[in-house]
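Visitor: Please put the model up. I would like to go through it by question and answer.

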Amino acid sequence: MHTIKIIAGGFLLLGVFLLVGRWVGGATSSALATAAACFIPVWLIAAGFNLWVGVARPGYPLAAEFPFFLVVSAVPAGAAALLWWKLSRG
């Protein structure tokens, strides 16, 4: 359940980035593409922090937490990369 909440938080953060990109750069596709591209490194840092918390606090081994890190980081970042690719082409 925690993994689903973190992924949903990633999509929520992506939405915030897109709203800020639209507010700052207008409704142009290049502004939204830039916002999606800026989201990816921020999300990877946030997912890395979530990995660190999972290893440090409850004491799970890194090998047990790493697959969850891959899923948590890949799903929202993949959606942002797809948006960036689609918006930068048009």
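**Helix packing**

Visitor: Which residues of helix 1 are buried?
Guide: Helices here are DSSP runs of H or I with at least four residues, numbered from the N terminus. Buried means under 20% relative accessible area, with a 1.4 Å probe and protein chains only. In helix 1 that picks out Ile7, Gly10, Leu14, Phe17 and Gly21.

Visitor: On what terms should I read this model?
Guide: Residues are numbered from 1 along each chain as its sequence is written, and side-chain values use heavy atoms, with hydrogens and water left out. The model is predicted: local features need pLDDT of at least 70, side-chain atom pairs count only at pLDDT 80 or more, and totals for chains, interfaces and linings use all residues.

Visitor: What order of elements does the chain show?
Guide: There are 3 helices and 0 strands. From the N terminus on, the order is α-α-α.

Visitor: Which helices do the buried residues of helix 1 pack against?
Guide: Contact means heavy atoms within 4.5 Å. By that test, the buried residues of helix 1 pack against helix 2 and helix 3.

Visitor: Which residues does isoleucine 7 touch?
Guide: Ile7 is among the buried residues of helix 1. Leaving out residues up to four places away in sequence, isoleucine 7 touches Val71, Val72, Val75 and Pro76.

Visitor: Which residues form the largest nonpolar core?
Guide: A nonpolar core is a set of buried Ala, Val, Leu, Ile, Met, Phe, Trp, Tyr and Cys residues joined through side-chain atoms within 4.5 Å. The largest has 11 residues: Ile7, Leu14, Phe17, Phe39, Trp43, Ala47, Leu51, Phe69, Val72, Ala77 and Ala80. To this core, at least two residues each come from helix 1, helix 2 and helix 3.

Visitor: How far apart are the end C-alpha atoms of helix 3?
Guide: The expected span is 1.5 Å times one less than the number of residues. Helix 3 has 28 residues (62–89), so it should span 40 Å; the distance agrees, at 38 Å.

Visitor: Where does helix 3 kink?
Guide: The bend at a residue is the angle between axes fitted to the seven residues ending there and the seven starting there. In helix 3 the kink is about 30°. It lies shortly before proline 76, at alanine 74.

Visitor: What share of the chain is buried?
Guide: The chain has 90 residues. Its C-alpha atoms fill a box of roughly 45 × 20 × 20 Å along the principal axes. The buried share of residues is 26%.

Methods. Buried < 20%, exposed > 50% of the residue type's maximum accessible area, 1.4 Å probe, protein only.
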